[in-house]
Amino acid sequence: MTTAPLLKIEDLRTYFYSRSKQAFIRSVDNVSLKIATGETLGVVGESGSGKSITALSVMGLISDGPGVISGKIGIKTDRVQKNLLHDLGDYVTVTKKDNKIMSVKKDVDGWQQRSESMMSRVRGKEIAMIFQNPKSSLNPFTTVGKQIAEAILLHTAITSEQEAKDRAIYWLDRVKIDSPRLRYENYPFGLSGGMCQRAMIAMALASEPSLLIADEPTTGLDATIQSKIVDLLAELKSELGVTTMLISHDISIISRLSDRVAVMYGGTVFECGPARDILAVDAAAKHPYTAALLTSIPSARNVREKGYLQAIEGDVLDTINIPAGCRFYSRCNRVTDTIREKCERHEPDLREIAPGHKVRCWLYFE
Amino acid sequence: MKLSAIRPIALVLSREMAITLLLLLGVSFVVFIILYLSPGDPFSALLEGQLSSGESPSGAHEVLGVPPSWYARYLSWLANLLQGNFGTSIRTGMPVLGEVLRVGINTLILTLGSMLVTLLIAVPIALYSVVRGINKISWPLTMFAYVVSALPVFWLGYIVIYFFTHKLGLFPLAFGYATTSTKFGWLYALLPIFVLGVGNGTISEVIRSLRDEMGRVMAEDYIRTARAKGASVWKHSFKEGLLIPVTEIVAAKIPFILGGAVIVEQVFNWPGMGRMAWQAAQDRDYPVIMGIAILAAVFVRLGSLFQSVVYVAVNPRASKE
């Protein structure tokens with residue numbers, strides 16, 4: 001890639017502390033991702049793979065301790081590259097043993113203050129975010145329209161209330177809400193889940209951010225509404241060219257909207273590359289986990305070929321006890337005798353196996 | 001405010017008014033029965049030692065036109081009340097309504113002021129501990145507030161008087177009269193207001209309920225949305241996290257604060273309802289006691305009326321009921 005990416009996450013680690021188990025939950029463990037301007041990156045993985053926590057870390061919205069402990073989150077704003085985790089090291093002391101993090105000391109208050117002052121110029125303005133469960137994500141005590149107008153007044157050049165209202169109505173219309181002028185006055189409880197998500201999208205886009213993070217935007221909606229929201233996102237993508245980080249466990253949504261895909265498992269990225277290479281059913285080189293994930297999609301083709309729906313054996317890795325070797329080793333069905341020892345003992349790194357296509361698996365390394 | 005917003009408020013108001021009327025009727029009846037059943041009567045209290053032992057007070061009743069049966073007495077009191085006549089004090093001969101309103105204002109100043117003191121202490125502590133969690137500042141502050149609000153108000157009152165009036169000579173003993181006499185006389189009123197505000201026992205409850213409510217609201221999805229769009233978290237959490245719980249707890253605590261006011265008025269010579277009620281109870285001054293009971297009930301109802309109006313005005317869902 002010739003131009004610098006819009007968002008560049010490097011070696012991000014976000015941990016939580018489990019009091020009951022006296023151990024760290026390594027929700028995000030060494031994640032690196034890049035999103036170029038104008039592209040949609042689909043982040044896919046099972047529940048608990050660290051997708052949402054990655055997104056919340058980017059937004060600085062992690063409030064439980066210790067939270068983000070290391071890494072870089074670079075974002076390009078007005079030609080200036082900014083690291084959202086700049087000076088993070090001043091607040092965190094990490095003790096390592098055998099390359100594993102044993103303890104973390106973090107000045108949470110200091111870090112929080114530092115992060116808030118940094119993020120106040122980024123949230124909404126540079127990065128906007130939409131969430132799952134749109135009904136509870138909108139403030140029930142304020143009209144939908146006012147919430148959109150608030151984002152406009154905060155982040156755009158518009159300063160007059162009336163103009164902000166007109167602009168909010170324009171956005172309500174843009175996300176295909178019927179009679180936007182009437183809906184402007186509605187409270188969230190008067191709208192359906194699908195309409196609330198449309199309003200959320202309108203609110204996110206109304207502040208004209210350079211990056212949109214959509215965290216499971218269709219989860220919690222009816223199936224028919226889901227496909228309509230996906231249609232809307234696809235349309236907005238082609239019309240506005242918004243750079244998007246799309247997080248979902250639903251591969252059909254990811255494959256519909258993404259230019260590039262990152263597959264996450266156990267808090268780290270297993271594979272990333274162009275969507276057509278990774279999600280194509282017949283592509284030869286792909287991570288065993290990605291392959292297993294694809295055959296577990298309840299599609300007509302998968303069922304026809306096997307006569308039943310293939311599920312991935314075993315449980316999702318709990319990110320408290322991360323094994324020394326590959327995180328997927330215990331569930332992997334493609335371990336060969338030649339690489340077995342490496343799989344068990346050493347964690348593979350993310351290596352490029354084709355232009356722009358990286359995989360974290362010993363199968364593809366010489 | 002638009003007409004559509006006023007309609008639900010008017011509805012709530014009229015419903016609350018109807019409940020208030022029934023409640024006042026109930027209160028007056030119960031208080032009347034208690035007074036009737038309790039020993040002693042105003043004449044033997046007033047004429048103590050002047051009646052010969054065998055003489056019954058029924059003669060005096062007859063002369064003064066007091067109906068013989070209890071229900072007739074209640075009904076005649078009620079009939080007078082409906083005409084706006086609260087009767088006259090047996091002790092002073094003054095009309096009850098004027099007297100009770102005069103002292104009622106003083107009590108209102110005392111209770112509203114003390115509520116303000118309570119909130120000024122409790123709200124910052126609660127909000128601070130929501131934001132920062134339990135730390136080196138919030139924990140001792142909360143503990144201190146809990147201990148302080150467990151102090152009995154009469155004890156606190158006497159300690160404060162001993163210190164400020166006796167030792168430092170800063171405040172006079174007769175607070176009530178000080179409020180009217182000089183230009184800065186109102187300053188003297190601050191001491192009893194402060195004592196009741198600290199000692200009425202509600203600080204700890206305000207802290208606890210506000211911390212729980214605000215903490216719950218802060219974890220709501222819509223607050224996360226507000227943060228994600230760079231908006232003020234306080235602006236978005238204000239209605240559900242602060243306004244509604246504060247009005248709720250203030251309304252619920254009015255009876256307790258009024259109870260505390262009775263004691264503080266005694267301790268500080270504050271010419272309020274509590275003091276008058278105390279005096280009237282000793283004199284068996286029935287019309288005054290009834291008047292004060294009614295006024296106290298009105299205060300309590302006004303509190304919950306205020307709470308309902310705020311709740312309906314703030315919460316769009318409530319107005320759809």
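1. A residue counts as buried if 20 or more other C-beta atoms lie within 10 Å of its own, as exposed if 12 or fewer do, and as partly exposed in between, with C-beta atoms placed from the backbone. By this rule Gln226(A), Ile229(A), Leu233(A) and Lys237(A) of helix H8(A) are buried. Helices (H or I, at least four residues) and strands (E, at least two) are DSSP runs, numbered from the N terminus.

2. The model is predicted: local features need pLDDT of at least 70, side-chain atom pairs count only at pLDDT 80 or more, and totals for chains, interfaces and linings use all residues. Residues are numbered from 1 along each chain as its sequence is written, and chains are lettered from A and ligands numbered from 1 in the order in which they are written.

3. The buried residues of H8(A) fall within an arc of 80 degrees seen down its axis, so they line one face of the helix. The arc is that of the directions from the helix axis to the C-beta atoms. On the other side, Thr224(A), Asp231(A), Ser238(A) and Glu239(A) are exposed. Just after H8(A), Gly241(A) has a positive phi of about 65 degrees.

4. An open sheet of eight strands in chain A runs in the order E8-E9-E10-E3-E11-E12-E14-E13, with mixed pairing. Strands E8 (127-130) and E13 (351-354) of chain A are at the edges with a single partner strand each, so one side of each lacks a neighbour in the sheet. Two strands pair if DSSP finds at least two bridges between them.

5. Within the sheet, E3 (residues 40-44) and E11 (residues 260-265) of chain A pair in the parallel sense over four bridges. Leu41(A) stands opposite Arg260(A) of E11(A).
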